[in-house]
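The following account is intended to be read alongside the sequence and the coordinates.

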Amino acid sequence: MATGTWREWTADDASAWLSRPGADDDKYRRGVLGVITGSPDYPGAAVLGVQAAYRTGVGMVRFTGPRSVREAVLAARPETVGVAGRVQAWLLGSGMDPSKRSFRLGGDLQRALASGLPTVLDAGGLDLVGSHLGPTVITPHRRELARLLSERDTACAFEDVDADPAGWAERTADLLQVAVLLKGAVTHVCDPEGNLFTVTASTHWLASAGTGDVLGGVVGALAATHSERLARDATAITHLAATAAFIHSEAARRASEAWDGGPVTALDVANAVPSVVGGLLRR
Ligand SMILES: NC(=O)C1=CN([C@@H]2O[C@H](COP(=O)(O)OP(=O)(O)OC[C@H]3O[C@@H](n4cnc5c(N)ncnc54)[C@H](O)[C@@H]3O)[C@@H](O)[C@H]2O)[C@@H](O)CC1
Ligand SMILES: Nc1ncnc2c1ncn2[C@@H]1O[C@H](COP(=O)(O)OP(=O)(O)O)[C@@H](O)[C@H]1O
């Protein structure tokens, strides 16, 4: 499959998409991320995404979900608000099984998608792509991408995506008219406008459970903190997604270095995000 020219997203690129809060900022002006993730089967995915969003520098997180999941999120991040209200962006789907979606949850997700706000669709929210109205990025791994395309009558197997992730990411952006962040050792970020970026993972220790949920939180936080820019320029979601993948990869490197190059966990990666953001802001 033919593809355009992919460019590696650099530290300079990423730092251009970050800024420090100013004297006039408050938690609302910095950006509130609405999060609908996790399930009784996967409460940890919600915890990891919310943790990562705070570590990236969002002003506030509003979390919607079943009581057991909300309790887990609040236990880890008591600053999280569990009542509905205004948000600037959405993170939807990590740790959810679409086949177990309740009527109420389906309504919450559809209302979020109809808000026209910037949206990150991950894991169990991927099937909702197409109902979105705002600038949206989908964040599948290879198996999820193959499943999503097959459900949309495009024959595609995991092996196909594995053999040509760049081509399938580009084709998906075109078919579904959405920005795509396809996860892997090399993450491909692209959009229907032809932006094509790669982020090469700094360590393969990143390939462990929950690191994708952390990435969702980083993308969501950047979408929330850049909501005004996204309202003027929807393709900024692609640059923000590439920036998130870069921060995530660097956080994994720092987390591993803290253990002398040893293994990292998803929470280690989330907790290393502030030092990566700080370092990029100093550039
Ligand atoms: N702590 C948490 O709550 C976590 C939640 N997660 C959530 O879990 C959900 C499912 O994510 P996945 O990426 O696993 O979904 P996938 O649906 O892509 O993969 C799950 C399936 O892959 C198969 N499989 C592939 N390789 C396998 C192997 N080596 N051994 C056994 N089975 C294998 C299994 O049948 C398994 O059911 C997502 O919603 C995700 O967000 C994961 O992120 C892991 C951490
Ligand atoms: N071999 C690898 N080397 C480096 N990073 C990887 C590798 N495989 C996957 N990753 C990264 O690890 C993360 C895994 O995310 P995901 O597959 O969604 O897992 P989970 O659902 O458990 O969170 C992604 O950011 C992906 O880019």
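The model is predicted: local features need pLDDT of at least 70, side-chain atom pairs count only at pLDDT 80 or more, and totals for chains, interfaces and linings use all residues. Residues are numbered from 1 along each chain as its sequence is written, while chains are lettered from A and ligands numbered from 1 in the order in which they are written.

An open sheet of 9 strands has the order E1-E9-E8-E7-E6-E5-E4-E2-E3, and its pairing is mixed. Strand E1 (7-8) and strand E3 (60-63) are the edge strands, each pairing on one side only. Here helices (H or I, at least four residues) and strands (E, at least two) are DSSP runs numbered from the N terminus, and two strands pair if DSSP finds at least two bridges between them. In general, strands of a sheet pair through backbone hydrogen bonds, either parallel or antiparallel. Strand E4 (residues 89-92) and E5 run parallel and are joined by 3 bridges; Leu91 stands opposite Val120 in E5. Helix H11 (residues 236-257) packs on the sheet, where it touches E6, strand E7 (179-182), strand E8 (186-190) and strand E9 (196-200). The direction of H11 makes about 165° with that of E8; axes are lines fitted to C-alpha atoms, for helices over the stretch in contact, and angles run from 0 to 180 degrees between N-to-C directions. Contact between two residues requires their C-beta atoms, placed from the backbone, to lie within 7 Å.

The shell around ligand 1 holds 15 residues, of which the closest are Tyr42, Gly44, Ala45, Ala123 and Arg143. A residue is near a molecule or strand if its C-beta atom, placed from the backbone, lies within 6 Å of it. Helix H3 (43-56), helix H6 (142-151) and helix H9 (211-225) each supply at least two residues of this shell. By class, the shell around ligand 1 has 5 nonpolar, 7 polar and 3 charged residues. Ala, Val, Leu, Ile, Met, Phe, Trp, Tyr, Cys and Pro count as nonpolar, Asp, Glu, Lys and Arg as charged, and the others, Gly among them, as polar.

Around ligand 2 there are 16 residues, the closest being Lys183, Ala201, Leu206, Ala207 and Gly212. H9 gives the largest share of this shell, 4 residues. The classes here are 6 nonpolar, 8 polar and 2 charged.

The UniProt record, an unreviewed entry, places a "binding site" feature at Ala45, Gly95, His141 and Asp213. UniProt positions are given in the numbering used here, feature names are shortened, and annotations may be inferred rather than shown by experiment. Asp213 is in helix H9 and is buried because 28 other C-beta atoms lie within 10 Å. The cut-offs are 20 or more other C-beta atoms within 10 Å of a residue's own for buried, 12 or fewer for exposed, and in between for partly exposed, with C-beta atoms placed from the backbone. Not counting residues up to four places away in sequence, Asp213 touches Ala45, Leu48, Gly49, Ser94, Gly95 and Ala266. His141, in the loop between E6 and H6, has 17 other C-beta atoms within 10 Å and is therefore partly exposed. With the same exclusion of residues up to four places away, His141 touches Lys183, Gly184 and Gly212.

The "binding site" annotation in the unreviewed UniProt entry also covers Lys183, Gly184, Ala185, Val186, Thr187 and Gly212. These positions are spread over 30 residues of sequence, yet they cluster in space, with a largest C-alpha distance of 13.4 Å. Leaving aside neighbours within four places in sequence, Lys183 is in contact with Thr139, Pro140, His141 and Gly212, and Ala185 touches Ala201 and His204, not counting residues up to four places away in sequence.

Two backbone angles remain. Most residues other than glycine have a negative phi. Ala123, in the loop between strand E5 (119-121) and strand E6 (136-138), has a positive phi near 40°. Ala123 is buried, because 24 other C-beta atoms lie within 10 Å. Asp153, in the loop between H6 and helix H7 (158-163), has a positive phi near 65°. Asp153 counts as exposed, because it has 7 C-beta neighbours inside 10 Å.
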